[in-house]
Amino acid sequence: MSLGQLLLVAVLAVPAVGALAVAATPRDRAARLVGVAAAALTLVAAVALVVGRDAGWVSYGTAAPAVRPWHAVDLPWVPGLDLRFHLGVDGISWPLVVLTALLTLLCCGYSLWRVPPGGSGRALVALLLVVEVGILGTFLALDLVLFFLFFEVVLLPMYAIIVGWGGDGTDPAAVAARRRAGRKFALYTLFGSVLLLVGVYVVVAAAGTADIVALTGGTGLPRSTQLAAFTLLALAFAVKSPLWPLHSWLPDAHTQAPTVGSVLLAGVLLKMGTYGLIRVAVGVAPEGARWAAPVLGVLAVAAILVGSLVCLAQTELKRLIAYSSVGHMGFVLLGVATLTATGIQAALIGNVAHGIVTGLLFFLAGAIKDRTHTGALRELSGLRETAPRLSGLLAFAAVASLGLPGLAGFWGEAFAVVAAVQTGGALWTTLAVLAALGGALTAAYLLRLLRRVTHGRPSTAVAGLRPGLAGAELAAWVPLVLLTLAVGLAPTLVLGVAEAPVAALVGVLR
Amino acid sequence: MVSVAQTVDSVALLPAYLAAGTAVLVLLVDLLLARPVATVAAAATGAVATAVGAAAVSVGGERRTFCVGADCSYVFGGRAALVAALVALLVLGVLALSGPLLRDGRTPVGEFCFLLACSMTGGVVLGAAGDLITLIVAVETLTLPLYILVGLRRGSLAGAEAAVTFFVVSVVATTLTLLGAALLYAATGGLHLERLGVLLADRSELLDLPLTTVAVTLVVSGLAFKVAAVPFHAWAPATYDGAPLPVAAYLSTASKLGGVVALLAVVQHALPPGVTGPVLALVAALTMTVGNLVALRQRRTVRLLAWSSVAQAGYILAPLGALALADADARAGAYAAALAYAVFFVLLELAAFAGVVALRPAGADGGRLDDLRGAARRHPWVGAGLAFALVGLAGLPPALAGLFAKVTVVRSLLGGDAGWLALLVALNAVVGLAYYLRFAALLYAPAGDVTPAAVRPARVVAVALAVATALAVIVGFAPQLVLDLAGG
């Protein structure tokens with residue numbers, strides 16, 4: 001086994017073993033420390049995956065498969081179900097793998113300092129690690145059935161996090177609200193993943209293999225199969241992403257989840273949908289993708305506009321940030337829908353940027369709610385008077401989220417619009433214009449948020465705040481702030497590694 | 001002139017001898033020693049011996065006996081061995097679950113174990129049945145003792161009612177199957193499953209006879225009663241809820257498995273797939289949908305499990321719904337998928353019942369769902385076992401066994417060009433999650449203001465739960481074991 005293969009297995013095995021170790025450690029704080037150590041090791045392994053990647057990308061030829069992983073592990077598991085334990089990492093998945101490992105580490109570290117009421121910190125950290133296994137597995141899987149398997153792994157632990165540690169307070173109404181949100185999340189997401197299951201086996205039954213490497217490019221699949229498969233797969237990923245109008249699980253789940261849960265949900269869980277759309281749906285059924293692209297584009301722009309308009313009317317901090325995800329993911333999906341290299345690149349960097357920025361926003365919203373015990377915008381004002389640092393960070397994150405050039409959010413949104421314009425034709429030009437309008441609306445609601453929360457005279461809830469930030473909070477936030485700047489100033493961090501695989505993917509789309 | 005003198009291959013019959021011998025042994029031990037522990041031990045030993053015997057006999061390859069020419073009434077191959085061993089192990093599990101019930105003193109131990117062993121004999125023979133008469137006799141031997149077992153608790157009105165319901169419905173079902181078998185004989189002149197299959201395939205004019213259609217319908221619907229498939233399902237919830245918990249567990253695992261195996265035998269060997277396929281597709285679709293939707297409304301634990309097991313029967317039958325469209329390969333896959341799903345299901349269902357038995361007071365019925373509120377906080381290990389089984393029945397990780405079971409069914413349906421049924425199975429899984437999740441979440445909910453009855457899980461039940469859970473984990477990581485056994 002080469003070093004790369006060892007690292008690939010370690011990226012999944014370390015958090016899995018870590019979760020077991022956390023559950024087996026009797027003392028709560030010690031268990032959480034074990035969890036942080038496991039998450040840190042996972043991050044190291046995830047970053048190290050870039051080492052020793054194949055330089056042969058430059059001499060990439062047309063005969064080679066469209067997916068060429070840097071490292072791959074391919075072992076038989078259940079031949080009777082066409083399931084192989086086939087993992088691999090390339091430039092499309094690696095940034096997301098690192099982002100997942102980083103956000104999990106930050107969440108575990110944050111839980112070391114603060115455990116939301118409802119359950120033990122040990123169980124929370126163990127569940128976070130299990131969620132991490134599921135997400136990482138989804139990004140690394142190069143076998144369709146394995147992909148589905150990891151897709152499902154995330155569901156119940158995330159449900160448990162929302163129901164067990166979420167919400168505010170223990171009064172019956174709050175308990176019922178978070179239970180409802182959890183159930184909605186679980187049932188909606190399962191609805192998506194059973195469609196994925198059917199879609200996967202539509203492809204497997206027609207092609208006789210579940211190997212994503214062999215399947216990418218839709219080689220040999222008849223058109224009708226591709227249309228059916230793409231419809232099922234796109235629906236499945238649209239629920240997860242979520243694409244309007246299948247988004248209604250998201251605001252409740254994000255609002256009710258504890259801070260660490262929201263961060264993971266918004267930061268990386270949604271990316272399973274967009275990643276799946278690029279890697280599986282578009283890759284395996286390109287003809288289906290071309291056929292459905294206009295619909296996807298229209299829905300994506302509708303998501304941008306609806307998300308922004310709903311945000312303008314929101315009165316609750318976490319709910320507003322949650323709805324902003326609908327709009328941001330709309331830009332990502334618009335990028336994918338153009339099926340051009342620019343568009344898919346925009347989608348990838350938009351994914352990563354949204355993960356960083358929205359993760360930060362949810363951390364900040366959690367901190368504000370912990371301090372003031374309210375998330376209602378009308379009860380929050382003048383934050384910069386009493387807590388200038390918190391308010392400054394919130395302003396930074398909001399500005400990054402609205403896509404100010406030089407910060408991470410800019411590239412994905414700008415280039416999704418550019419890609420739509422480049423695609424040409426009346427439809428795509430209109431979509432580009434509307435998306436740009438949606439971008440302006442995004443700025444409007446985020447600035448409204450800032451005006452409400454940071455400016456004005458301090459409200460009663462805000463007046464008593466102390467200006468300081470805890471060390472643990474800074475430790476969780478500073479990496480995200482730095483990454484926002486880094487990706488904003490040097491987008492090549494993401495695009496550099498993704499360029500070749502995206503070019504290869506677009507190559508087989510034609 | 002065919003010789004009527006038959007040689008009897010006693011080796012092939014060994015598992016049946018062992019099972020029947022168990023029943024006799026239990027009777028003698030109860031009579032001579034009259035000590036409950038010895039009686040239960042005899043039954044348990046017999047069950048283990050039967051399972052081992054079945055496995056040992058199957059090693060030597062397929063054995064046939066009671067043959068007339070090429071047609072044999074008793075065919076003991078890989079699948080028969082799987083069914084026999086599984087039934088014997090389920091009996092062992094149910095015996096473990098019965099510990100608290102038998103100690104309670106309201107149930108006569110000797111009779112309980114004897115009847116269970118009799119029923120096991122039926123299950124062991126069932127998998128090997130090669131003609132319709134053997135098949136029906138085996139199914140009846142499996143079912144008959146259950147009428148009494150359901151109502152065996154002294155002074156339980158619910159038990160008596162359940163027993164009568166079960167008896168009446170089951171007798172009607174048997175009559176239907178018998179009538180169907182007789183009509184099939186009248187139409188074709190054959191009773192052996194494989195001969196029937198050949199006759200119906202060769203002489204296609206037989207299929208146009210109304211008599212044949214009626215006969216096929218009667219046989220299939222009679223057996224559908226046994227698996228509690230819609231529209232022949234209404235007896236199941238009432239019977240399960242009135243029966244003692246271990247007997248309900250037996251009904252929903254071994255007895256249901258028996259029905260599935262009988263149905264598989266006639267569908268695979270005897271009846272034309274072009275006729276049975278669409279019927280079974282419809283039955284499967286109705287069964288899972290109705291079972292799931294009604295289960296959503298249940299407030300009593302056993303009724304929820306009963307309706308959910310109706311739905312599960314729908315998933316088991318679903319692969320057979322693709323028969324009419326599929327080619328020979330895909331058909332073989334469909335039979336294997338149905339059996340594989342049944343194996344995964346009985347394992348998880350037994351674990352679920354073991355969890356409920358462990359968390360309820362000794363000898364109690366299933367009670368209301370609310371009686372189990374917060375149970376997993378008081379008994380973390382047992383609660384986790386029950387939650388794991390429920391998640392598995394819903395078909396989700398971390399209970400991979402349940403996930404692979406669903407995957408097997410969907411795969412076989414798409415391989416057989418029955419996409420709509422695959423989609424229906426998938427959507428039903430979502431509905432199923434709604435109530436399994438409610439049940440599982442309830443176990444972890446704060447107890448609130450209800451003061452729960454103090455319960456100490458019986459050790460033997462906890463062991464049964466642990467073993468079933470461990471097996472579920474193992475086949476979850478190595479589902480190929482089950483797929484190979486079911487396909488062999």
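How many residues does the contact take from chain A, and how many from chain B?

**Stop 1: the contact.** Select both sides. Chain A gives 21 residues and chain B gives 25. You get 18 nonpolar residues, two charged and one polar.

**Stop 2: confidence in chain A.** Colour chain A by pLDDT. The average is 88, and 98% of the residues score at least 70. Select helix α4 (121-140) of chain A, which has the highest mean among the elements of that chain, 94. Jump to helix α19 (460-463) of chain A for the lowest, 80. Next, select residues 55-62 of chain A. There pLDDT stays under 50, and the model has three contacts beyond four places in sequence. Where pLDDT is low, predicted coordinates should not be read in detail.

**Stop 3: a hairpin in chain B.** Select residues 63-68 and 71-76 of chain B. These are strands β1(B) and β2(B), paired in the antiparallel sense over five bridges. Show Cys67(B) and its bridge partner in β2(B), Cys72(B). Two residues lie between the strands, and Gly69(B) takes a positive phi near 65°.

**Stop 4: a covered helix.** Finish on α14(B), residues 301-317. From first C-alpha to last, this helix of 17 residues reaches 24 Å, close to the 24 Å expected. Is α14(B) mostly covered or mostly open? Mostly covered: 17 of its 17 residues are buried.

How values were computed: Residues numbered from 1 in each chain as written. Chains lettered and ligands numbered in written order. Predicted model: local features only at pLDDT ≥ 70, side-chain atom pairs only at ≥ 80, totals over all residues. Helix = DSSP H or I, 4+ residues; strand = E, 2+ residues; numbered from the N terminus. Expected span 1.5 Å × (residues − 1). Buried ≥ 20, exposed ≤ 12 C-beta atoms within 10 Å, placed from the backbone. Contact = placed C-beta atoms within 7 Å. Nonpolar A, V, L, I, M, F, W, Y, C, P; charged D, E, K, R; others polar. pLDDT = per-residue confidence, 0-100. Pairing = 2+ DSSP bridges.
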